[in-house]
Amino acid sequence: MAGIVSKNYCDALFALAQEDQKLDVYKEQLNVVADSVKQDNEFRAVMAHPKISKEEKKGMLETIYGKQIDHMLLNFLKLLIDKGRFAKIEEIRREYNKAYNDFNNIQVVHVKSATPLQKEEIAKLKETLEKKLQKKVDFVLSTDKDLIAGIRIKINDQIIDNTALGRLQRLKRTVLNVSETQ
């Protein structure tokens with residue numbers, strides 16, 4: 001769970017994005033920045049190094065992102081450097097995406113399947129879940145051959161397990177419980 005500091009910075013950025021009517025733009029660009037920070041260990045180390053001045057770090061941001069991202073978002077990133085909070089970029093991104101989804105009535109649903117789902121299956125599942133949840137659905141799809149067959153759906157903390165592996169595990173627990181009671 002993100003801390004209060006990250007939530008506060010996220011709230012400020014989200015309010016700015018709403019005011020500028022750039023919720024989508026900021027989301028996309030913030031994800032680009034956070035992904036690059038997350039994937040580049042050297043960049044992350046430089047941005048966290050105490051002997052590199054804030055001005056040098058802000059100059060690096062200007063060089064790397066100056067032409068790629070909105071100037072207000074770039075100023076926000078510079079503010080994070082000034083306040084010593086740039087290391088919180090991943091938490092701020094997570095909070096922003098959560099606020100964006102809440103604002104736009106979007107539910108993120110994690111779907112894990114034994115084999116990749118076909119487009120028709122995804123469309124049918126999306127239609128069913130959108131009716132049930134009364135929200136737009138955004139899927140995070142992944143595969144796991146250990147599931148044998150079927151799908152596992154995770155919505156917030158709720159898991160719907162309709163996999164062969166899940167059924168086998170439930171059957172095993174049932175058999176063990178019956179054996180213990182006899």
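Mentor: On a 1 Å grid over the protein atoms alone, a pocket is an open set of points with protein on both sides within 12 Å along at least five of seven lines, and a lining residue has an atom within 4 Å of a point. Grid points are joined across faces, edges and corners, and the volume is the space filled by probe spheres set on the points. Keep in mind that this is a predicted model: local features need pLDDT of at least 70 and side-chain atom pairs pLDDT 80 or more, while totals for chains, interfaces and linings use all residues. Residues are numbered from 1 along each chain as its sequence is written, and side-chain values use heavy atoms, without hydrogens and water.

Trainee: OK, what volume does the second largest pocket have?

Mentor: About 240 Å³. Its lining counts 15 residues, with R44, M47, A48, F86 and A87 nearest the centre.

Trainee: Which helices supply at least two residues of that lining?

Mentor: α2 (23–39), α3 (41–48), α4 (54–65) and α6 (89–103) each do. Helices here are DSSP runs of H or I with at least four residues, strands are E runs of at least two, and both are numbered from the N terminus.

Trainee: And the lining by class?

Mentor: Eight nonpolar, one polar and six charged residues. Nonpolar is Ala, Val, Leu, Ile, Met, Phe, Trp, Tyr, Cys and Pro, charged is Asp, Glu, Lys and Arg, and the others, Gly among them, are polar.

Trainee: Switching to the sheet: what's the strand order?

Mentor: β2-β1-β3-β4, an open sheet of four strands with mixed pairing. Two strands pair if DSSP finds at least two bridges between them.

Trainee: How many bridges join β3 and β4?

Mentor: Six, between residues 150–155 and 158–163, running antiparallel. K154, for instance, has I159 in β4 as its bridge partner. The two strands make a hairpin with two residues between them, and N156 in the turn has a positive phi of about 55 degrees.

Trainee: What about β1 and β3?

Mentor: β1 (residues 106–113) pairs with β3 in the antiparallel sense, over five bridges. S113 stands opposite I151 in β3.

Conventions:
1 Å grid on protein atoms, 1.4 Å probe; cavity = no way out; pocket = protein on both sides within 12 Å on 5 of 7 lines; lining within 4 Å.
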